[in-house]
Amino acid sequence: MNSHLKVTQSQLTDVLEISQHRFMLLELPKNEFLVRENQVCPYFCFIESGLLQHAIDVNGEEKTTYLSLPHTFTVSLHSFLHQLPSRKHIKTLSDCRLWVIDLPTFQDLIANHPPFHDFYFQLIERQICLIDEYRIDLLTLSPEERYLKLLQNDTVLIQQVPLHYLASFLGISNRHMSRIRKNIK
């Protein structure tokens, strides 16, 4: 269950050559919001360091929908592209160093810099494939199988993300997640 898209060094180098002077540094402390639910997402972000949680509120309970790690890109895409209120919030789980661009800058890079356009297209294409796999896993794998798949494919998440966020991301209650971990050790 690859939940994030790590950027290769050559891809990052190409993108940085074109756009590095356009990205601005944004430092956010732990538990700050990049965007809150019902606000417009202001930035397309590259995460230099830190962890971010994408989450929604379901009947008063926070549900993690995505976890963003260092050296990946993150955004509330629909909100950002269409300048509409976000249906989710994105919160820092640790102190974060983010490199951000606003929508006009993003649109200029997409329209006028083919390497950035190509990079973005590949990023979105891979993300769609990962989302499709994740949705199928939620429907076809047991909670134990989802956790085992995470252990095999995303050790960084296991090592860096607090258990209750992982449980929510995997669609497992905290209690069940504790039992699964106990039985697997």
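This talk goes through the sheets, the cores and a few single residues of one predicted model.

Residues are numbered from 1 along each chain as its sequence is written. As this is a predicted model, local features need pLDDT of at least 70 and side-chain atom pairs count only at pLDDT 80 or more, while totals for chains, interfaces and linings use all residues; side-chain values use heavy atoms, with hydrogens and water left out.

I will start with the sheets. When I say helix or strand, I mean a DSSP run, H or I with at least four residues for helices and E with at least two for strands, numbered from the N terminus. Two strands pair if DSSP finds at least two bridges between them. In general, strands of a sheet pair through backbone hydrogen bonds, either parallel or antiparallel.

β3 and β6 run antiparallel and are joined by two bridges. C45 stands opposite T74 in β6. Axes here are lines fitted to C-alpha atoms, for helices over the stretch in contact, and angles run from 0 to 180 degrees between N-to-C directions. Contact means heavy atoms within 4.5 Å.

Another open sheet of four strands has the order β2-β7-β4-β5, also with antiparallel pairing. Here β2 and β5 (61–68) are at the edges; each has a single partner strand, so one side of each is left without a neighbour in the sheet. On average, neighbouring strands of this sheet are turned by 35° against each other, direction ignored. Two bridges join β2 to β7 (residues 89–92), and F33 stands opposite K91 in β7. Helix α7 (residues 163–170) lies across β4 (52–58), β5 and β7, at about 90° to β5.

Next, the cores. A nonpolar core is a set of buried Ala, Val, Leu, Ile, Met, Phe, Trp, Tyr and Cys residues joined through side-chain atoms within 4.5 Å. Buried means under 20% relative accessible area, exposed means over 50%, and partly exposed is in between, with a 1.4 Å probe and protein chains only.

Which residues touch the most other members of the largest nonpolar core? They are F44, L98 and F106, out of 25 residues. The elements giving two or more residues to this core are β2 (33–35), β3 (44–49), β8 (96–101), α3 (103–112) and α4 (114–140). Leaving aside residues up to four places away in sequence, F106 touches F44, F80, L81, I101, F116 and Y120. A second, separate core has 17 residues, including L93, Y134, Y147 and Y165.

On cysteines, a search of the whole structure finds zero disulfides, a disulfide being a pair of cysteine sulfur atoms within 2.5 Å. For C41, the nearest cysteine sulfur is that of C45, 6.3 Å away. C41 counts as buried because its relative accessibility is 0%.

Last, two backbone angles. Most residues other than glycine have a negative phi. N31, in the loop between β1 and β2, has a positive phi near 70°. Q83, in the loop between α2 (77–82) and β7, has a positive phi of about 55°. N31 is partly exposed at 44% relative accessible area, and Q83 is partly exposed at 40%.
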